[in-house]
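Please look through the structure below before reading on, and keep it in view while the text leads you from one part to the next.

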Amino acid sequence: MAKTLPPRTLLQDEIDVFSRQAPEGLVIAEVRGRTIIKLDWQGQDKTEKLDKAMGGLLPTVGQSTADSGKGALRYAPFSVLLVSAELTARDLVAERQKSLSDLGVTWVDLSHGYVVLRLSGERAREVLDSMASTDLSAGRFNPGAVARTSIRKHQVLVHSLNSSCLEVYLERSYALSFWHLLEHKIALG
Amino acid sequence: MSASPQSHRLPSGGLIDRTQSLSFTFDGETYEGYEGDTLASALLANGVDLVGRSFKYHRPRGLLSAGSEEPNGLVRLGEGNRARPNLRATEIPLFDGLVARSQNAWPKLSFDLGALAGLAARYLKAGFYYKTFLWPAGAWPFYEKLIRRAAGLGQPPCGPDPAQHEHHHQTCELLVIGAGRAGLVAALEAAEQGRRLILCDERAELGGSLAWTRDPVDGLEPIAWWDQAVEKLEQNPKVTLLANTTAFSCQNLPLVLLEERRPGGNHRLWIVRADAVVLAGGAIERPLVFPGNDRPGIMLASAVRFYIRHYGVKPGQRAVIVTNNDSAYEALEDLKSADIQVAGLIDMRPAEAAPFRPDGVPVFANYEIAGTRGRKRLKGLTLRYGVDGSRVDLDCDLLLMSGGWTPNLQLYAQAGGRLMMEPQIGAHLPHDATTPLAVVGAAAGKGVSPTAAMPLAKGPMAFMDFQNDVTTDDLDLAMAEGYGDIEHLKRYTTTGMGTDQGKTSNINALSFVAARQGRSAEAVGHTTFRPPFTPVSLGAVAGPARGRDLAPTRRTPFHKANEKAGAVFVTAGDWLYPRHYPHNGEDMAAAIAREVRNTRRQVGVVDMSSLGKIDVQGPDAPTFLERVYCNNLANLAIGRVRYGLMLRADGILFDDGTVARLGETHFLLTTTTARAGEVWQHLERLHQCHWPDLDIRLTSVTDAWAALAIAGPRARDLLTALGPDFPVDKESFPMASVREGLLDGLPIRLYRVSFSGELGYEIHTPAGYAEDLWEAVDVAGAPLGLMPYGLEALDVMRLEKGHISVGTEIDGRTTPADLGLGKLVSRKKDFLGRSLFQRPYLQGKGRLQLVGLQPVDGQTVLPIGAMITAHTWQGTTQVSLGYLTASLYSPSLEHPIALALLKDGHDRLGDEVWAVSPLANQSVRAAVVSPHFFDPGGERLNG
Amino acid sequence: MIHIPCPWCGPRDETEFTYGGEAGDVMPALDGQSDQVAWHAFVHLSENPSGPVSEFWYHGGGCGRWLLVRRDTASYEILEVRDAVEAARGPKDDVER
């Protein structure tokens, strides 16, 4: 029998230290146990078919959709990340297994490849925006927007949940290194 | 020189806060100033005339200006590692406890031995650096010492900068550079339209010349208008106001770089992307060029006005004004208000040009200055009448000069804007309407005084460029020596170089050159304007990228487990990788030897998570892989792994790794750690740019999986003890197998592969389970003698096996054939690199080929990096037959071994050669052997 | 330059991209009929013009797509940016050379 292990967090120690003297208007948390599946397909024609198969929930590039605890984040033309707090990777795909394989859509489980940080509070956006060369300001990076961008050579996927809450998907091996940059920025901000 | 406290402060007036007294030191003397002062104004208020020595001749120099154009007043601010050299005193806001020192003077400012250089002036003419290279022969080493000692301005601190610098990305709809009157107007207009904007100014206060001009704005006194304008902007949440912030680069619009100098010496680099940029940089007053125009007490007319009006400072007692335009006449009222006596106004133009006839001030029309006197402070002038050459002497301690105004267009020119010489003002204006950014106010020539073209003075020590000590004689000499082009003149004479980049000298120099060459200033052109506008601290450029945060650091999923196990880490690419795991008191060599022996005798575990891992799926995946690997993969069965070699299109070996077939159309590749990023890009490129018709999907899964390799004679015992849910005996799970399953309840992918040459397995598990896997392995391995081993031990074992590695043997020049892997290259299929791999040069004789080397004496480790020669090293030239790629003492074989690339090495097994290292002064006789030193038959591997 | 308008991500900083060289000759087919001269031209020869040129750029810091960028090497002006796949699949005369 496969063990069911509690998904571990990577930055909890750092976040605990930070939270003890967190500045006003900024709360940082690591999102635990999020299932992240990457779907891939090839060609524009498949995109439309997939959208139909997903009941119109395939977001356009740079956007996201959400439906009963499941989200879809699209940062590239022929890929989309399906995310869920409750479903396992297998369950998340199983729902659509038939239509996906009919369409030739493949999937890879990347749940363990990312560390997801949630930044909330009125300073959250400003901190992240000032670190990224990409414009993440409220007027231009609206709720629902998704961008994969590079912050001092760290690849991050940023998801705007609402005007004062953003999630950052960090590639796991870079997570602590990014945390150091974030801390530095917050301290001097 | 030291004066009574603030002896030169006016009893009232100025925008300083006289209730806030600040104490500071300059060259060890303590002074007082007020909140709102700059270091420059506070020094003047204390009667400090002398602020520096000139670069070449060490002449005494005082402040020329009140702004960023200052060529003379360069100081070292702060002490120890916080010290910053070459800061302009005119731009340093005064604070309590400020410590500053003058530069370029030894032993002290008032008595400087370097001033003797002034006596040697005739040897320091234009191009003196270059001439010392050439003549007299052999003298350069002597000059070099002198020049190196004298060269450069200021001294950088030696240790790490304790200040905290940062980068700040910002987008906006409008960026306004310069917060003088024109900049404020532009910002107010945009703010009213609701635009998101940034307004920056290099000075501590916004306002620019509003502080000292008298023309009313919108019916208000300039200062009253300024107050209400700034207030309006401050209250607008869409407006960011940045003082002490210099826009220094507009070269890559819409990207503009700003340096904000924050309290405590902390700098913030603003990386601004603006939809539109307005340049309101104002204009810079030009000095006049006449003999002895550099004595302390000779200042720009506008600077004197600035010091009086803005700072309530009285820069002298008895003044003379010299001008070639009307603007300097406005200084008369300011001088009067400061109770400064005016000994005369010299208007270099004919009498009728004067805008008005000032009361009680002798006017010398059509005069020029023939000379000045006073050693450390101006004492007087000699005038020469333009009509008959007759002379007049005037006593004064302050000279206000105005040679006209230069619109501040450096940033405009950086952005690619073309400049046009406007003879009316004797300076450049923006050329046409299609400009890269909008220019407003005095920078666009608005309100700039027309200037008479003047014959430029002759005579000794008529300085064109104060900071670089370039005189008119230097320019004449350079032109006589054939340097006629303005760009050549700049380099040869250094005019317009240095920290001020000729802000006060460029226009004068090119006007002078034009007059001498009998050409128009338009024809002479101008030198190229490049960033930065004013010098930027390296700290601001580096921002957070220093020390630990210099570059991204990647950590494997086992990082904490490795820490607990006592790993010493090493940086390998971006990765922080366990190098070795020393036991108590062990040095690195001992730890490595122990780790190797333990792995070869019992069992070891190594973190392999940094290997690149690429998931390949899709119906055309087999075709794709057949094309990108040079070895045959077509018959790779599901559940099997194969070693793979990838070539570049030019036939050179690119990377090696494994290809595992997980399903009919599902593969998992591993790459080397070093090339993981490049291989990923390479594959993506081939797919997207060249073979878009192949239906495949690539996903980098490096971060999603943790990988541990266990290796050694007891590896299978360990694996069995871990309780896999499938059989792992020799028959069921032979060499080069792969399968998915559970191990101690953890989902895994198990590979039977080995880099160490021992019976080995790689266990991959989702990264979040890494610590559980490590713990399980640790517990199960303890009774079997398991020890972790690091990168160094891994390298020793691969070398013992003669396995190739990226960076040493895969070096961007070798082919598989060179490395003894020619048999792997498929002769049946076509693949990327095949065609050019077959080039005669890569296939013929004379290639450097991989061999093993062993010292003939059986004990001397061959020097690392040694060249291979036919004879021992005797200090003479020898033909190189190749070189060593790796060399060490083998703990398993108990003698030294090395890998080398040797010319035609595959045919030379058994030969003896010399491994020579002139650097180590070592020559070792070595035998050429097979690179497979340890277990060449592979019995252990297949055990 | 400095800002490259990615067709998928919008305008992005140059630091997110990797230069991939000129998009010159079409890569010779891997059909066993390898012509060393064609491969030599593909690998080693480029036009390097002062003026407009088509280049490959990889948006590794964003969508992960290879792009075909038409750029003026004299002015740094970006004239056109397309996804490399879309460009390769478009009508033949749409593809540069």
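The paragraphs that follow go from a sheet to a core and then to a helix.

This is a predicted model, in which local features need pLDDT of at least 70 and side-chain atom pairs count only at pLDDT 80 or more, while totals for chains, interfaces and linings use all residues. Residues are numbered from 1 along each chain as its sequence is written, and chains are lettered from A and ligands numbered from 1 in the order in which they are written.

In chain A, five strands form an open antiparallel sheet in the order β1-β7-β10-β9-β8; strands are DSSP runs of E with at least two residues, helices are runs of H or I with at least four, and both are numbered from the N terminus. Two strands pair if DSSP finds at least two bridges between them. Because β1 (27–31) and β8 (146–151) of chain A stand at the edges with a single partner strand each, one side of each is left without a neighbour in the sheet. Strands β7 (114–120) and β10 (165–171) of chain A pair over seven bridges, and Leu119(A) stands opposite Leu166(A) in β10(A).

Leu170(A), Ile710(B) and Ala915(B) touch the most other members of the largest nonpolar core, which has 188 residues. Such a core is a set of buried Ala, Val, Leu, Ile, Met, Phe, Trp, Tyr and Cys residues joined through C-beta atoms within 7 Å, and a residue is buried if 20 or more other C-beta atoms, placed from the backbone, lie within 10 Å of its own.

Finally, nine of the 11 residues of helix α21 (791–801) of chain B are buried, so this helix is largely enclosed by the rest of the structure.

How values were computed. Buried ≥ 20, exposed ≤ 12 C-beta atoms within 10 Å, placed from the backbone.
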